[in-house]
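Here's a quick briefing to read with the 3D view open.

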Amino acid sequence: MKPSDRICAALDFGAWRDAEPFARAVAPAVGMLKVGLEMFVAEGPPAVTAAAALGRPVFLDLKLHDIPNTVEGAARSAAASGASLLTVHASGGPAMIRAAVKGAAGKVRILAVTVLTSIDDATLAAVGLSGPAEAAVVRLARLAVDAGAGGIVCSPHEVRAVRAAVGPAPLLVVPGVRPAGAARGDQARVATPEEAVAAGADVIVVGRPLREGPDPLEAARRIAAGLPG
């Protein structure tokens with residue numbers, strides 16, 4: 001995998017018209033583009049089609065969490081949209097994950113989100129989930145892979161433990177990545193791109209450090225330059 005292929009640029013905008021200039025600027029230096037919940041709610045599947053037209057796979061990050069039948073149908077629709085990756089919440093349970101995989105029908109890879117990067121141990125305890133965060137992430141990752149998920153989403157802090165738990169095959173996609181010196185924002189469990197990849201991440205999701213700088217293309221190239229080939 002080329003260093004640039006490891007970078008997924010998050011198109012965290014409210015509308016495609018706002019995302020398009022950024023997406024076009026950064027696409028030559030990244031391996032994937034992420035369409036998240038905000039833009040998908042506003043634009044629907046045409047946002048996926050527009051992003052895919054830039055020549056990069058699209059990561060559709062919807063974090064589905066519903067009854068199995070509903071998630072199966074949503075995964076079927078996501079597959080028809082042209083997305084390459086789709087997220088569901090691992091906490092939805094094995095039956096829901098299996099339903100998502102069935103709906104995807106091999107056309108879109110199902111990734112299971114473990115514990116959001118904005119959640120710390122205190123928040124886990126507050127919502128009644130057994131922690132600490134790393135233990136919860138590994139538990140959910142094993143459950144998801146056993147149910148057929150093709151990959152896992154976890155924070156950089158748990159990548160090494162997850163890789164050890166699930167083996168080399170599942171794709172590990174890691175948000176909460178911040179270049180050295182960048183603001184953490186609302187993320188609780190973060191690391192640098194180099195640290196995340198060294199720990200075993202296949203793909204790192206980068207949003208604000210690319211969007212908020214004066215030159216997204218150059219920012220992406222700087223990140224890629226620090227990653228192994």
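In which strand does Lys63 lie? Lys63 belongs to strand E3, which covers residues 58-64. Before going on, note that this is a predicted model, where local features need pLDDT of at least 70 and side-chain atom pairs count only at pLDDT 80 or more, while totals for chains, interfaces and linings use all residues. Residues are numbered from 1 along each chain as its sequence is written, and side-chain values use heavy atoms, with hydrogens and water left out.

**The barrel**

- Follow the strands E1-E2-E3-E4-E5-E6-E7-E8 in that order and you'll see 8 of them close into a barrel with parallel pairing; two strands pair if DSSP finds at least two bridges between them.
- From one strand to the next, the twist averages 25° (angles run from 0 to 180 degrees between N-to-C directions, and axes are lines fitted to C-alpha atoms, for helices over the stretch in contact).
- Take E1 (residues 7-11) and E2 (residues 32-36): they're joined in the parallel sense over 4 bridges.
- In this pair, Ala9 sits opposite Leu33 of E2.

**Helices on the strands**

- Helix H1 (residues 16-26) lies across E1 and E2 and runs at about 160° to E1.
- H5 packs on the sheet too, touching E3, E4 (85-89) and E5, where contact means heavy atoms within 4.5 Å.
- The direction of H5 makes about 160° with that of E4.

**Two helices side by side**

- H7 (residues 133-146) and H8 (residues 159-166) pack at about 35°, and their axes are 9 Å apart.
- On the H7 side, the contact is made by Glu134, Val137, Val138, Ala141, Arg142 and Val145, and on the H8 side by Ala161, Val162, Ala165 and Val166.
- Sort the residues of this contact and you get 8 nonpolar, no polar and 2 charged (Ala, Val, Leu, Ile, Met, Phe, Trp, Tyr, Cys and Pro count as nonpolar, Asp, Glu, Lys and Arg as charged, and the others, Gly among them, as polar).

- Lys63 isn't a glycine, yet its phi is positive, at about 50°.
- Lys63 is partly exposed, with a relative accessible area of 29% (buried is under 20%, exposed over 50%, partly exposed in between, using a 1.4 Å probe and protein chains only).
- Ala105 also has a positive phi, near 50°, and sits in the loop between H5 (94-104) and E5 (109-113).
- With a relative accessible area of 54%, Ala105 is exposed.
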